[in-house]
Amino acid sequence: MALLPLRSLTDRPVERIEREWLDRIADALAKPDCDRALLCRTVLAELLMPEYAANWETALADAKVPAGTRLALAALDPRNVTLEPEYYADCDDARFQRVKPLLWLWYSFDRSLLGGQAVDLGVRLRRILAGHIFRRCGANFKAFQHVEFSFGYNMDVGDDVVVHRHVLLDDRGGIRLGNKVSISDYANIYSHTHSIVEQKDVTNAVTVLEDGVRITYHATVLAGVHVGQQGMVGAVAVATKDVQPYHVNVGIPAKSVRVKPNAPQANDCLPAARARRREDT
Ligand SMILES: CC(C)(COP(=O)(O)OP(=O)(O)OC[C@H]1O[C@@H](n2cnc3c(N)ncnc32)[C@H](O)[C@@H]1OP(=O)(O)O)[C@@H](O)C(=O)NCCC(=O)NCCS
């Protein structure tokens with residue numbers, strides 16, 4: 001293996017415009033009386049249907065504008081769409097309605113020409129939004145495209161957390177991420193589960209990923225699982241039970257196959273993991 005740190009890229013000519021756009025959003029959200037639905041609608045109209053940005057209300061009411069276009073216009077305003085978590089009986093409506101415009105802006109940006117793959121702008125926008133959606137959002141939060149949440153308001157996130165593309169963060173029962181947690185592409189972190197008999201019987205349980213945890217590609221962590229500090233869940237694994245600190249768990253159901261060589265000795269508790277660690281050194 002080789003050490004391959006991320007490269008720095010040269011400035012892009014549009015950076016000044018990006019800063020102006022992001023500052024406008026950040027400044028608006030910083031105001032206690034910010035109308036978040038209106039902000040979402042205004043930002044999305046400029047991005048997605050600029051020809052209607054100045055006359056959204058009149059175009060929506062104009063029967064001469066095709067119905068599909070009027071529906072697309074309506075959908076720029078989060079009050080005109082429903083999101084799945086709103087149907088959940090345990091949704092705290094007051095809290096959800098407050099974050100919903102920002103979730104809608106986040107998801108819609110990701111589907112736009114400007115969003116999607118555009119890494120730097122996307123990371124900066126999502127960092128601003130996360131600060132107003134999560135219960136707690138630490139410094140340097142970094143999310144790539146197409147991340148989805150359940151409520152959003154039940155996320156408790158430490159510093160230097162990275163969430164890669166297409167990750168599902170189901171925070172229905174609560175998700176707590178420590179510092180320097182990394183969640184790789186297409187991973188799923190759940191915090192609710194259903195009875196095998198009665199589908200409507202839901203159990204919420206906080207899922208915790210402690211400091212330095214890495215959940216790798218396409219892995220799933222089930223509700224209420226606690227992954228200890230520096231623990232790791234291998235590609236495509238399903239973590240159904242707690243992962244001990246510094247352990248690497250793989251497979252379905254995920255089991256420990258080794259302890260990281262930098263683990264303090266006290267974590268070296270599973271015989272199989274101990275044997276593997278001996279092979280490493
Ligand atoms: C978890 C992971 C890092 C483990 O790597 P490792 O410590 O070098 O482990 P090994 O390759 O020596 O594998 C140990 C055993 O577990 C098995 N194994 C490893 N990863 C597995 C996985 N994802 N699913 C099922 N079995 C796995 C190996 O086949 C091997 O089994 P064996 O002893 O029967 O031959 C790696 O397999 C993985 O999933 N990587 C994902 C990509 C990655 O690196 N992501 C991190 C940054 S995003």
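This is a predicted model: local features need pLDDT of at least 70, side-chain atom pairs count only at pLDDT 80 or more; totals for chains, interfaces and linings use all residues.

1. Strand β5 (residues 162–163) and strand β8 (residues 182–183) run parallel and are joined by 2 bridges. Val-163 stands opposite Ile-183 of β8.

2. The hairpin at β18 and β19. These two strands pair in the antiparallel sense, over 4 bridges, and Asn-249 stands opposite Ser-256 in β19. They form a hairpin with 4 residues between them. In the turn, Gly-251 has a positive phi of about 90°.

3. A cis peptide bond. Ile-252 and Pro-253 are joined by a cis peptide bond, with omega at about -10°. Pro-253 belongs to the loop between β18 and β19. As background, most peptide bonds are trans. The reader may wish to inspect this bond in the displayed model.

4. The parallel sheet. A separate listing gives 5 strands in an open sheet, ordered β1-β4-β7-β12-β15, with parallel pairing. Its edge strands are β1 (136–137) and β15 (226–227), each of which pairs on one side only. Strand β12 (residues 207–209) runs parallel to β15 and is joined to it by 2 bridges; Leu-209 has Val-227 of β15 as its bridge partner.

5. The ligand shell. Which residues come nearest to the ligand? Of the 14 residues around it, these are Ser-184, Thr-216, Gly-234, Ala-235 and Val-250. β18 (247–250) and β19 (255–259) each supply at least two residues of this shell. By residue class, the shell divides into 8 nonpolar, 4 polar and 2 charged residues.

6. Ala-235. This residue, one of those that come nearest to the ligand, is found in the loop between β16 (232–233) and β17 (238–239). Leaving aside neighbours within four places in sequence, Ala-235 is in contact with Thr-216, Tyr-217, His-218 and Ala-219. One of these, Ala-219, is 16 residues away from Ala-235 in sequence, yet their C-alpha atoms are 5.4 Å apart in space. Thr-216, another of the contacts, is likewise among the residues that come nearest to the ligand.

7. In general, most residues other than glycine have a negative phi. Val-236 has a positive phi of about 65° although it is not a glycine, and it lies in the loop between β16 and β17. With 16 C-beta neighbours inside 10 Å, Val-236 is classed as partly exposed. His-146 also has a positive phi, near 65°. His-146 sits in the loop between β2 (142–143) and β3 (148–149), and its 19 C-beta neighbours inside 10 Å place it in the partly exposed class. The cut-off for a buried residue is 20 or more such neighbours; on that basis the count of 19 for His-146 leaves it classed as partly exposed.

8. Packing of α1 and α6. On the α1 side the residues involved are Glu-18, Leu-22, Ile-25, Ala-26 and Leu-29; they meet Leu-121, Arg-124, Leu-125, Ile-128 and His-132 in α6. The residues of this contact comprise 7 nonpolar, 1 polar and 2 charged.

9. The chain as a whole. The secondary structure of the protein chain comes to 7 helices and 19 strands. Its C-alpha atoms fill a box of roughly 75 × 55 × 35 Å along the principal axes. Of the 281 residues in the chain, 35% are buried. Among contacts with a separation of 6 or more, 28% are between residues 24 or more positions apart.

Key. Residues are numbered from 1 along each chain as its sequence is written. Two residues are in contact if their C-beta atoms, placed from the backbone, lie within 7 Å. Ala, Val, Leu, Ile, Met, Phe, Trp, Tyr, Cys and Pro count as nonpolar, Asp, Glu, Lys and Arg as charged, and the others, Gly among them, as polar. A residue is near a molecule or strand if its C-beta atom, placed from the backbone, lies within 6 Å of it. Two strands pair if DSSP finds at least two bridges between them. A residue is buried if 20 or more other C-beta atoms lie within 10 Å of its own, exposed if 12 or fewer, and partly exposed in between; C-beta atoms are placed from the backbone.
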